[in-house]
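Here is a short tour for anyone about to work with these coordinates. Have the viewer open and follow along.

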Amino acid sequence: MSDQKLVLIVEDEPDVSSFLTILLEDNGFKTETAANGRIGMTQAKALHPSLITLDISMPEESGLRMYHDLKMDADLKDIPVAVVTGITPEFKRFIEQHRKLPPPEAYFEKPIDKTEFIDVAKSLTGE
Amino acid sequence: MSAAGTKDAAMQAFLSESLFDELPMGAALIGPDKRVRAVNKRFEDVFGVFRGRICHEALKQTYQPCLSCEADLCLTENQVRVSDEILVDRHGRDIQVSVYYKPIALEKGGKPDHVLILASKLTETKRWKREFDRLFEHVPCYISILDRDLNIVHANGKLERTFGRADGASCYKVYKGRNIPCTDCPAMQTFKDGKEHSSTQEGVTHDGELTRYVVTVSPLSWGPDGVDRVIEISTDVTELHRLEKEVLDNERLVAVGQTVAGLAHTIKNLLMGLEGGMYMVDSGLKKGDEARLERGWDMLQRNFEKTTSMVRDFLSFAKGRVPALVPLNPGDIIDEVIELYVDAAKRQGVKLEHGKTPLPEPASLDREGIEACLTNLLSNGIDAASVREGGGGVVTMSAFDRDGELVFEVKDNGIGMDADVKRRVFTTFFTTKGGEGTGLGLLTTRKIVQEHRGTIEVDTEPGQGSTFRIRLPRNELVKLEEEQQQRNEKAKQYR
């Protein structure tokens with residue numbers, strides 16, 4: 001189907017990345033993956049996905065940096081972001097400290113609720 | 001009048017008229033109204049003509065009465081007083097004098113109401129001696145002078161107030177209540193090499209309180225056989241040590257908080273991996289998709305293994321223990337660790353080498369701990385070398401002695417680390433291995449090295465490989481071994 005919506009999965013943990021890929025593909029999405037924030041930004045610019053799922057704690061360029069860059073980029077700031085993370089306080093603190101940054105469109109704590117995750121992904125992409 | 005009578009009269013005349021002037025010191029008589037009633041010639045020479053003036057005007061050139069008047073006290077207590085004072089001479093210069101005050105009754109049998117003052121100038125040497133004595137007694141340190149048998153020849157007031165009578169007793173008895181000298185005695189070292197030595201020691205005060213002090217020993221005098229007296233100056237650091245411990249405890253609490261947060265993060269990722277595995281097994285079964293089923297099963301297995309290894313690493317990290325030291329040959333440990341990993345390394349295309357360095361002397365080490373450190377470093381080295389561009393990865397392990405330290409070195413020619421990774425490499429749960437690492441390996445390594453009172457460091461550049469170096473000071477290893485022996489002896493006593 002050519003009108004399948006593309007989701008960019010930014011996640012360093014290979015198993016989590018595979019899981020999200022399969023889960024999203026089983027529910028009618030196309031996916032691309034990036035193992036860190038730097039690759040994630042390049043992919044976002046090139047592919048302009050309908051949704052980005054973003055892990056926060058990654059060894060190379062962190063998810064916080066990528067989130068900041070996305071929301072400060074005029075071309076990319078409207079792409080909805082679903083933060084999928086294991087660390088709650090760090091991200092909340094980051095958003096509170098950066099008043100100019102909007103909160104993410106969706107927020108999931110690992111491990112995720114599959115049904116809720118898919119429902120939110122569909123609603124954010126207008127499926 | 002007889003000849004003898006004439007002599008007696010002359011003596012009486014001398015005593016009553018001239019003696020006062022012949023005294024080798026300034027003398028003055030102060031009346032009940034504090035006015036100077038009489039002075040001798042020497043007094044006048046130094047302080048000028050002051051008969052009839054108030055004593056503080058005469059002696060200190062001031063209209064202000066003294067805060068504590070020695071002459072008053074002398075009369076009130078009706079006894080002699082001696083004090084060191086600074087008076088002012090007729091030229092307005094300060095002079096250091098020792099002043100003797102004596103209550104005098106002018107009428108025989110009457111109540112003393114005059115004060116005789118005798119003021120003698122202190123010579124410079126005497127003044128220095130007094131100042132030195134004052135410094136020696138009041139300086140806020142313990143000072144003792146020891147002979148070659150470690151007996152205290154002279155001790156200052158603070159030492160005796162804290163540890164009890166010291167003169168003539170051995171320093172180890174006074175400071176610690178021991179019957180034999182301490183093994184790391186800095187005084188013995190100074191007697192031996194004539195140099196200054198310092199160390200931190202624990203002693204017991206005469207009240208039975210444990211006290212910690214930093215002692216510095218310097219040579220004081222030399223005899224035909226070298227140094228024959230040393231001076232020990234000790235500063236009490238008990239309070240400082242307590243504060244340091246408090247800071248450490250606080251840091252430990254913060255570290256516990258970070259560790260718990262890191263642990264939660266790791267567990268959440270593992271749960272998500274397990275959740276993914278279950279989803280794939282479940283959906284694979286439903287769809288009859290064997291490939292997906294297999295992938296899901298692999299995911300479950302992998303995450304199960306990761307959980308097991310994380311729990312193991314975590315427990316070994318959390319186990320705060322004192323190293324169990326046994327004499328070991330450092331070269332042998334390296335051979336054993338290489339043997340353990342040689343096949344796995346080969347599979348990853350990495351060659352392991354035992355570096356060609358002069359073999360170090362045996363040392364007392366915790367076998368399990370040091371093996372764990374070297375295994376961690378070797379396994380990291382193999383991972384880094386295996387992804388080297390163009391292959392040819394090599395990890396070299398060596399052990400050698402340098403500047404009184406036993407050094408273990410693990411050097412790889414792998415990908416190296418940038419400044420940020422280098423900075424975080426020994427911190428909690430930091431890993432660059434994505435799902436493969438728990439981030440506890442280097443942290444555990446550092447902890448074991450610290451338990452051996454050593455340090456660990458890394459030299460690294462991106463693309464240039466990394467060299468991890470464990471440095472264990474030999475003298476600390478000896479101390480640890482002695483402490484272990486003492487613990488064992490104590491344990492025997494309790495048994």
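## Two local backbone details

Gln61(B) sits in the loop between helix H3 (55-60) and helix H4 (70-77) of chain B. Its phi is near 55°, a positive value in a residue other than glycine. Please keep in mind that this is a predicted model.

Chain A has a backbone detail to look at as well. The peptide bond that leads from Lys110(A) to Pro111(A) is cis, and its omega is near -10°. Pro111(A) belongs to the loop between strand S5 (106-109) and helix H5 (114-125) of chain A.

## The sheet of chain B

Moving to chain B, you will find an open sheet of 5 strands with antiparallel pairing, in the order S7-S6-S10-S9-S8. Its edges are strand S7 (152-155) and strand S8 (197-204) of chain B, each of which pairs on one side only. On average, neighbouring strands of the sheet are turned by 30° against each other, direction ignored.

Which strand pairs with S8(B)? The partner is strand S9 (residues 210-223) of chain B, and the two pair in the antiparallel sense over 8 bridges. As a landmark, His197(B) stands opposite Val217(B) in S9(B).

A helix accompanies these strands. Helix H8 (residues 186-193) of chain B lies across strand S6 (142-147), S8, S9 and strand S10 (226-236) of chain B. Relative to S10(B), H8(B) runs at about 150°.

## Where the chains meet

Now for the interface: 23 residues of chain B are in contact with 23 residues of chain A. The size of an interface is often given as the accessible area lost when the parts come together. For chain B and chain A, the buried area is about 2000 Å², with carbon and sulfur atoms giving 57% of it. In chain B, the residues that lose the most area to chain A are Lys268(B), Met272(B) and Tyr279(B), together 34% of what that side buries.

How many salt bridges are counted between chain B and chain A? The count is 5. Arg302(B) forms a salt bridge with Asp15(A), and their closest N and O atoms are 2.6 Å apart. There are also 9 residue pairs in polar contact across the interface of chain B and chain A, both residues at pLDDT 80 or more.

On the side of chain B that touches chain A, helix H9 (238-287) and helix H10 (290-318) are the elements that give two or more residues. H9(B) provides the largest share, 12 residues. By class, this side of chain B has 5 nonpolar, 10 polar and 8 charged residues.

Notes. Residues numbered from 1 in each chain as written. Chains lettered and ligands numbered in written order. Predicted model: local features only at pLDDT ≥ 70, side-chain atom pairs only at ≥ 80, totals over all residues. Heavy atoms only, no water. Pairing = 2+ DSSP bridges. Helix = DSSP H or I, 4+ residues; strand = E, 2+ residues; numbered from the N terminus. Axes fitted to C-alpha atoms, helices over the stretch in contact; angles between N-to-C directions. Contact = heavy atoms within 4.5 Å. Buried area = accessible area lost by both parts, 1.4 Å probe. Salt bridge = Lys/Arg side-chain N within 4 Å of Asp/Glu carboxyl O. Polar contact = N/O pair within 3.5 Å; in protein donor to acceptor, adjacent residues only side chain to side chain. Nonpolar A, V, L, I, M, F, W, Y, C, P; charged D, E, K, R; others polar.
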